[in-house]
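Colleague: I have a new model open and want to learn to read it. Where do we start?

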Amino acid sequence: MLEYPILTLMLGVPALAAVACLFADAANARRMALAATLVDLALGIVLWATYDVGGAQWQLVEHGPRFGFFAWDLGVDGFALMLIMLSVFLMPVCIGASWRSVTNRVPEYMAAFLLTEVLMIGTFAAQDMFLFYLFFEAGLIPMYLIIGIWGGANRIYASYKFFLYTLLGSLVMLIAMLYMVGQAGTSSIPALQAYDFAPEAQTWLWLAFFASFAVKMPMWPVHTWLPDAHVQAPTAGSVILAGVLLKLGGYGFLRFSLPMFPEASGALTWLIFALSAIAVIYTSLVALVQADMKKLIAYSSVAHMAIVTIGLFAFNRQGIEGAMLMMLSHGLVSGALFLCVGVIYDRLHTREIARYGGLAITMPRYAILFLFFTMASIGLPGTSGFVAEFLALMGAYHVSTWTALLCTTGIILGAAYMLYLYRRVVFGEVKSEEVRTMADANSREVWLLAPIAAVVLWMGVYPESFLAPMRKDVGVLLARIDRAAPRSDSVPTAGRAPALHVNGPAEAHR
């Protein structure tokens, strides 16, 4: 067991570096930001190596002083550990991706990204509900600035839309949190996960949290802020938005909705399945007709995150483990795809698909990397996407065969729009002299994408490395659901949802 507060240290390093960047010139700000993110990555590796797989549910717990309405209580379980690792892994990549593309107000830009890292890690590590809310909501601020200051032509509209959508839903969640503390007499997340709220109150509390987490995912139909935010954000902003910030919604469902309101979660499974199935099919069809590369990948993110919600609310081990792997896989693959878009955008300064073509001839190294991440997004066996989708859909199949079938058609559509994108950008004839003279991916760009490709392969070939830390936590979550309403079998009958009502037998959702 570590003798020093590693989680506080992981928050302190980028926080101090962010302040230092504000007083540095552009070159030194870049160096300090990269150094701080690499230190946090090293601390994350120590955190993972220290974590006792199969040990206590909450580990590396830190109890600090109370500041007004919240306490500085930090700790990790397997879910939080994996998402913290995703955050610290992608952040140095974001700094590297911005090394040359961002030239104005560089110190402020680097400080905003470092602050984002602090707030992401804090959200996943918080063990006090109000501390979680503080980190969860404060994460809006640096991303709002990144989009609004360093974004594209319509950055002001996109940043306001992003901020208002995500803020309004969270205000309802805050009201629910105040009620919960009044009822339970504590704001400790572990204690609240063991508290049994009245069944009649659970539905309203679940809906209040759903209002926030559904927007963060984002789920259909509150997803419309995401394409605008992605299109206008700088490349690194899109990477961290898709890679980590979208995962806050899925983490919220895991941390709050499922363990704290298990009866309401079971009663409203039909709502999650319906919205998710619509999202998978609808956003995949919309992605097929996009002319902007970033907007196409943004719509694909909505479809992939819908697989996450379906897996989470399958209430079985396959579904929950698949949902967590899907969050990790999507964070890596979608982030890499946005980096691939950024590579050619830096050369031609357009994301319009029709302007490209023939890059296999002019940029062969880039074409290979882009192909790999395209296949991973589709779910090619041997990549992380295949394992994640297979487990999540298998979990859904045990609950609702129709939902699994509908979502599988979305996977086929995903192959259609990603291969269609790749064919138009990489194959065919070179359409202009500008494209003909584009330089291939340089060593910096290759080194940014290569580590992501390695982890995507690692997860696809040996997913046990990522599943093992979470396995006990999945068992604890399922046991919590069972205590709320025991099920006759650990895996529900195919075509039926688990009965989670305690007041008499529940009618199965078809």
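Modeller: Helices and strands are DSSP runs, numbered from the N terminus. Cys340, for instance, is found in helix α16. Keep in mind that this is a predicted model.

Colleague: How many helices and strands does the chain have?

Modeller: The chain has 23 helices and two strands. The radius of gyration is 22 Å, close to the 24 Å that the globule rule gives for 510 residues, so the chain is as compact as a globular protein of that length. Along the principal axes, the C-alpha atoms fill a box of roughly 70 × 50 × 40 Å.

Colleague: What share of the residues is buried?

Modeller: The cut-off first: buried means under 20% relative accessible area. By that count, 63% of the 510 residues are buried. The accessible surface comes to about 18400 Å², and 66% of that belongs to carbon and sulfur atoms.

Colleague: And what share of the contacts joins residues 24 or more positions apart?

Modeller: Such pairs make up 81% of the contacts with a separation of 6 or more.

Colleague: How do I read one helix? Take α1.

Modeller: General idea first. An α-helix has 3.6 residues a turn, so residues three or four places apart point the same way. Now the case. Helix α1 runs over residues 6-21 and has 16 residues. From first C-alpha to last it reaches 23 Å, close to the 22 Å expected. Its buried residues are Ile6, Leu7, Met10, Leu11, Val13, Pro14, Ala17, Ala18 and Cys21. They cover an arc of only 160° around the axis, which puts them on the same side of α1.

Colleague: What covers the buried residues of α1?

Modeller: The cover includes helices α2, α3, α4 and α5, along with strands β1 and β2.

Colleague: What about α7: how many residues, and which are buried?

Modeller: The buried residues include Phe162, Met173, Met177 and Met180. Lys161 and Thr166 are also among them. Just after α7, Gly185 takes a positive phi of about 75°.

Colleague: Now the core. How should I think about it?

Modeller: In soluble globular proteins, nonpolar side chains tend to be buried together. Here the largest nonpolar core has 193 residues. Ile84, Val425 and Ile452 have the most contacts inside it. Helix α16, residues 317-348, gives the largest share of this core, 18 residues.

Colleague: What does Val425 touch beyond its sequence neighbours?

Modeller: Set aside residues up to four places away. Val425 then touches Met293, Ile344, Ile353, Tyr356, Gly357, Gly358, Leu359 and Phe370.

Colleague: Back to Cys340. Is it buried or exposed?

Modeller: Cys340 is buried, with a relative accessible area of 0%. Outside four places in sequence, its contacts are Tyr366, Phe370, Phe373 and Leu449. Look at Phe370. It lies 30 residues from Cys340 in sequence and 6.3 Å away in space, C-alpha to C-alpha. Phe370 is also in the list for Val425.

Colleague: Loops next. Where is Gln127, and is it buried or exposed?

Modeller: Gln127 sits in the loop between α4 and α5. It is buried, with a relative accessible area of 5%. Beyond four places in sequence, Gln127 is in contact with residues including Trp58, Val61, Asp73, Leu74 and Ile189.

Colleague: What about backbone geometry? Which peptide bonds are cis?

Modeller: The bond from Met217 to Pro218 is cis, with omega near -5°. So is the bond from Trp220 to Pro221, with omega near 5°. Pro218 is in the loop between α9 and α10, and Pro221 is found in that loop too.

Colleague: Which residues other than glycine have a positive phi?

Modeller: Leu60 and His349 are examples. Phi of Leu60 is near 55°, and phi of His349 is near 55° as well. Leu60 is in strand β1 and is buried, at 9% relative accessible area. His349 is in the loop between α16 and α17. At 56% relative accessibility, His349 counts as exposed.

How values were computed
Residues numbered from 1 in each chain as written. Predicted model: local features only at pLDDT ≥ 70, side-chain atom pairs only at ≥ 80, totals over all residues. Heavy atoms only, no water. Helix = DSSP H or I, 4+ residues; strand = E, 2+ residues; numbered from the N terminus. Expected span 1.5 Å × (residues − 1). Buried < 20%, exposed > 50% of the residue type's maximum accessible area, 1.4 Å probe, protein only. Arc of directions from axis to C-beta. Contact = heavy atoms within 4.5 Å. Rg over C-alpha atoms; globule rule 2.2 N^0.38 Å. Areas by Shrake-Rupley, 256 points an atom, 1.4 Å probe, with all protein chains shown as cover. Core = buried A, V, L, I, M, F, W, Y, C linked by side-chain atoms within 4.5 Å.
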